[in-house]
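Me: I have a structure to go through with you. Can we take it piece by piece?

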There are 2 protein chains.
Amino acid sequence: MTQLTEARKGRITSQMRYVAKQEGLKPEIIRKGIVKGEIVIPANIRRKKIRWCGIGKGLRTKVNANIGTSPQMVNIRDELAKLKAAQEAGTDTVMDLSIGGDLRKIRRRILSTTDLPLGTVPIYQAAIDTVKRKKFIGRMTKENILEVIEEQAKDGVDFMTLHAGVTQKTLEILRKKKRMTGIVSRGGAFLAEWIIFNKRENPLYEEYDEVLKIAKRYDVTLSLGDGLRPGSLADASDEAQIEELVTLGKLAERARKVGVQVMIEGPGHMPLDQIEANVDLEKRLCRGAPYYVLGPLTTDVASGYDHISGAIGGALAAWRGADFLCYVTPAEHLRLPTAQDVWEGVVVTRIAAHSADIAKGIKGARDWDDELSRARGDLRWKKMINLALDTKKAKRYHPSLKEETCTMCGKYCAIKKVKEYFR
Amino acid sequence: MTQLTEARKGRITSQMRYVAKQEGLKPEIIRKGIVKGEIVIPANIRRKKIRWCGIGKGLRTKVNANIGTSPQMVNIRDELAKLKAAQEAGTDTVMDLSIGGDLRKIRRRILSTTDLPLGTVPIYQAAIDTVKRKKFIGRMTKENILEVIEEQAKDGVDFMTLHAGVTQKTLEILRKKKRMTGIVSRGGAFLAEWIIFNKRENPLYEEYDEVLKIAKRYDVTLSLGDGLRPGSLADASDEAQIEELVTLGKLAERARKVGVQVMIEGPGHMPLDQIEANVDLEKRLCRGAPYYVLGPLTTDVASGYDHISGAIGGALAAWRGADFLCYVTPAEHLRLPTAQDVWEGVVVTRIAAHSADIAKGIKGARDWDDELSRARGDLRWKKMINLALDTKKAKRYHPSLKEETCTMCGKYCAIKKVKEYFR
């Protein structure tokens with residue numbers, strides 16, 4: 001059983017009930033959204049009760065934080081510190097993108113530590129295992145890939161990024177129409193390497209039915225990856241990106257058909273004026289499947305602040321219909337993030353998501369702002385600080401919680417003066 | 001003479017030529033924009049050659065940084081450090097909003113230090129002088145106000161915020177339709193206090209012709225302030241705000257008529273879905289006058305990160321037509337900014353402005369991104385870092401400038417792999 005097959009049978013699962021409560025909606029609304037394929041609940045049947053979340057139309061925009069080792073930086077304690085930072089900062093889900101060290105051990109440790117839905121990119125493990133054993137990614141077999149997917153599903157992974165849209169056809173487009181930044185997706189690049197070397201089709205695409213069987217068995221939500229996402233403004237909305245999206249739409253349909261939950265991944269780097277069209281296109285081509293975007297970054301020059309260009313693009317994307325924002329940290333393009341980078345990335349992405357939720361009229365979103373602003377109008381500092389999205393930073397910036405005082409304007413306080421008169 | 005009167009006579013001033021060169025446009029385009037009232041060049045005739053900038057339609061979106069003392073924090077060295085930070089971070093203009101210490105001395109020191117256009121809010125000095133001499137703002141006379149405006153104009157101030165739209169009529173609306181956060185503009189509050197105590201019309205409104213005479217004599221660009229800007233999402237686009245905007249539109253027309261350059265100030269706090277309409281309305285009611293917005297902040301709960309909610313709103317506003325972004329710092333709503341806060345505020349606001357410029361197709365805007373992305377595609381780290389908007393932070397995050405290496409993916413570098421194949 002999956003959430004989708006249950007929903008089709010008219011059954012309300014405990015996950016649906018949990019999500020409905022979180023959202024302040026009736027469980028039936030969640031169920032119907034799942035039937036339509038507009039809502040997913042990543043919830044591997046092998047995991048115990050966790051803090052599930054619903055992702056999709058009409059729901060609060062969710063935020064994901066990526067953690068994980070690199071070949072040069074392998075320290076499980078660092079990863080657990082990042083996990084803690086992400087959770088405390090309020091992320092909704094976590095992805096383990098480790099590519100260094102003992103990948104199984106790291107993943108299992110993260111899974112046993114967190115009570116949030118966990119995502120992975122199985123091709124990393126499949127490719128790296130192959131390199132270790134056979135020196136070269138090209139020697140990876142379809143069995144290797146399916147085994148890793150099954151192993152991770154058994155471990156309890158709730159959603160998996162699968163770059164099944166990187167095909168011989170899309171690579172041919174890429175070869176003909178040179179891009180400024182080629183392929184910037186690590187998983188996409190692994191598969192491209194494999195396809196080019198073997199002169200054969202992407203095994204995730206060819207063996208998609210097998211992948212679906214595993215996903216269905218454990219109710220792993222598929223996150224169809226955009227291996228050809230633009231890595232620069234110049235490459236945004238190009239033929240390769242759109243062709244891949246068309247493919248992903250078809251694959252999404254096949255997943256739903258057999259009762260597997262599915263969402264679609266999106267860019268990347270994209271100018272502000274292309275974002276709305278991009279979201280519309282995804283919703284259209286993928287029949288309303290939840291859209292999971294990475295940014296989008298609205299400029300290429302903000303290194304060190306890509307969490308902010310990502311928040312600008314993410315806010316607009318989510319307002320126009322994207323459902324799930326993958327955070328970007330200040331370390332993007334520069335280094336692996338630290339726990340502090342993770343914290344900032346989550347907070348800033350939550351600001352983007354919440355700004356969008358206000359604009360799209362998500363139930364209850366504005367109440368938070370109104371409560372804080374009422375406190376602000378009354379100069380109740382303690383309440384203002386406690387209601388801030390990042391209470392810790394707000395407190396650091398305004399250590400005095402004495403009511404009705406403020407170092408900014410002192411006796412020339414505008415709020416106080418006007419309040420006296422209009423009382 | 002003012003830029004506007006000269007432009008009307010068909011003359012290209014040195015300021016217009018300077019601005020045209022900065023923008024990569026023909027001087028005649030700048031001149032025509034000034035004639036239409038769609039472009040201003042704040043350039044007090046008493047200042048020597050400075051780094052002028054054009055603000056308005058078709059030009060790069062400009063960024064302003066506010067500095068200034070508060071009654072509790074008076075230290076000219078701190079202000080000069082903030083000024084330096086703002087300039088190094090790349091602000092286009094600076095405003096001195098000091099309300100503590102010797103206001104004249106501070107302003108003159110800033111003016112003699114910076115080569116950027118400087119703005120002020122003269123009502124601060126007029127009100128604070130009055131409080132010092134007569135204990136109460138209500139005792140301020142129209143002469144006091146006009147004298148301060150003239151004094152500041154003589155000092156060389158290039159643009160001045162005047163809250164001439166806070167009138168008996170708009171205050172009456174405010175009294176009837178309670179707001180969540182009342183008046184949050186300091187200048188607006190000073191004038192509201194005066195109007196209510198004296199039961200008379202706003203002297204900036206009543207004596208507007210006198211104000212215009214001074215502005216014309218020194219070519220001070222008027223920045224018609226939004227004293228009733230919303231201080232919370234709940235108050236956005238309410239009757240008081242829009243009524244004030246209608247008044248500002250009429251005052252803008254009167255300024256242009258006599259040859260005074262004018263721009264309009266805007267919010268404030270505003271949900272994402274109201275920003276475009278707000279910009280459209282300003283352009284309509286004020287006949288294309290440059291729009292100078294503070295944020296807008298797209299949520300009320302981001303204390304400590306209001307520069308980011310401001311960047312989200314500012315990017316959207318500027319893309320839809322706003323011309324000038326007043327920065328917001330992480331200290332907004334919490335304390336006076338430090339030099340570090342100023343730095344961050346300017347950088348983040350520049351990211352918003354640049355993202356907007358790419359989307360609105362400002363000449364040459366995308367070239368910067370393309371150059372950086374070309375370097376990124378080739379893994380040329382030194383060039384990537386040097387082209388970053390904040391080179392210092394990028395370098396801090398990526399200290400190794402060895403080419404073709406990176407701690408993120410190590411040997412699993414996507415860019416490298418694909419490059420090899422598609423070469």
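Me: Which residues of helix H2 (residues 14-23) of chain A are buried?
Reply: A:Gln15, A:Met16, A:Tyr18, A:Val19, A:Ala20 and A:Glu23 are buried. Buried means under 20% relative accessible area, exposed over 50%, and partly exposed in between (1.4 Å probe, protein chains only). Helices (H or I, at least four residues) and strands (E, at least two) are DSSP runs, numbered from the N terminus. Keep in mind that this is a predicted model: local features need pLDDT of at least 70, side-chain atom pairs count only at pLDDT 80 or more, and totals for chains, interfaces and linings use all residues. Residues are numbered from 1 along each chain as its sequence is written, chains are lettered from A in the order in which they are written, and side-chain values use heavy atoms, with hydrogens and water left out.

Me: What do the buried residues of H2(A) pack against?
Reply: They pack against helix H1 (3-8), helix H3 (27-36) and strand S3 (62-67) of chain A. Contact here means heavy atoms within 4.5 Å.

Me: And what comes just after H2(A)?
Reply: A:Gly24, which takes a positive phi of about 70°.

Me: New topic. How is chain A divided into domains?
Reply: Domain 1 covers 45-360 and domain 2 covers 365-422. The bounds come from an automatic or database domain assignment. The C-alpha centres of the two domains of chain A lie 39 Å apart. Eight residues from domain 1 of chain A and seven residues from domain 2 of chain A make the contact.

Me: How much area do they bury between them?
Reply: About 680 Å², with 67% of it on carbon and sulfur atoms. Buried area is the accessible area (1.4 Å probe) that two parts lose on being put together, summed over both.

Me: How many salt bridges are there between domain 1 and domain 2 of chain A?
Reply: One salt bridge. A:Glu88 and A:Lys392 meet in a salt bridge through their side chains, at 3.6 Å, N to O. The term means a side-chain nitrogen of Lys or Arg within 4 Å of a carboxyl oxygen of Asp or Glu.

Me: Which helix gives the most to the side of domain 1 of chain A that touches domain 2 of chain A?
Reply: Helix H15 (residues 339-359) of chain A, with seven residues.

Me: Back to salt bridges. How many are there over all chains?
Reply: A search of the whole structure finds 66. One of the pairs is A:Asp378 with A:Arg380, at 3.2 Å, N to O. A:Asp378 is partly exposed at 34% relative accessible area, and A:Arg380 is partly exposed at 31%.

Me: What about B:Arg254 and B:Asp209?
Reply: Their side chains form a salt bridge too, at 3.1 Å, N to O. This pair links distant parts of the chain, 45 residues apart: B:Arg254 is in helix H12 (residues 239-257) and B:Asp209 in helix H11 (residues 208-218) of chain B. B:Arg254 has a relative accessible area of 31%, so B:Arg254 counts as partly exposed.

Me: Which residues of chain A are linked in a network of salt bridges?
Reply: A:Arg104, A:Arg107, A:Arg108, A:Asp129, A:Glu151 and A:Asp155.

Me: Last one. Is B:Pro296 buried or exposed?
Reply: B:Pro296 is buried, at 2% relative accessible area. B:Pro296 sits in the loop between strand S9 (291-294) and helix H14 (306-319) of chain B. Not counting residues up to four places away in sequence, B:Pro296 touches several residues, including B:Pro267, B:Met270 and B:Ile275.
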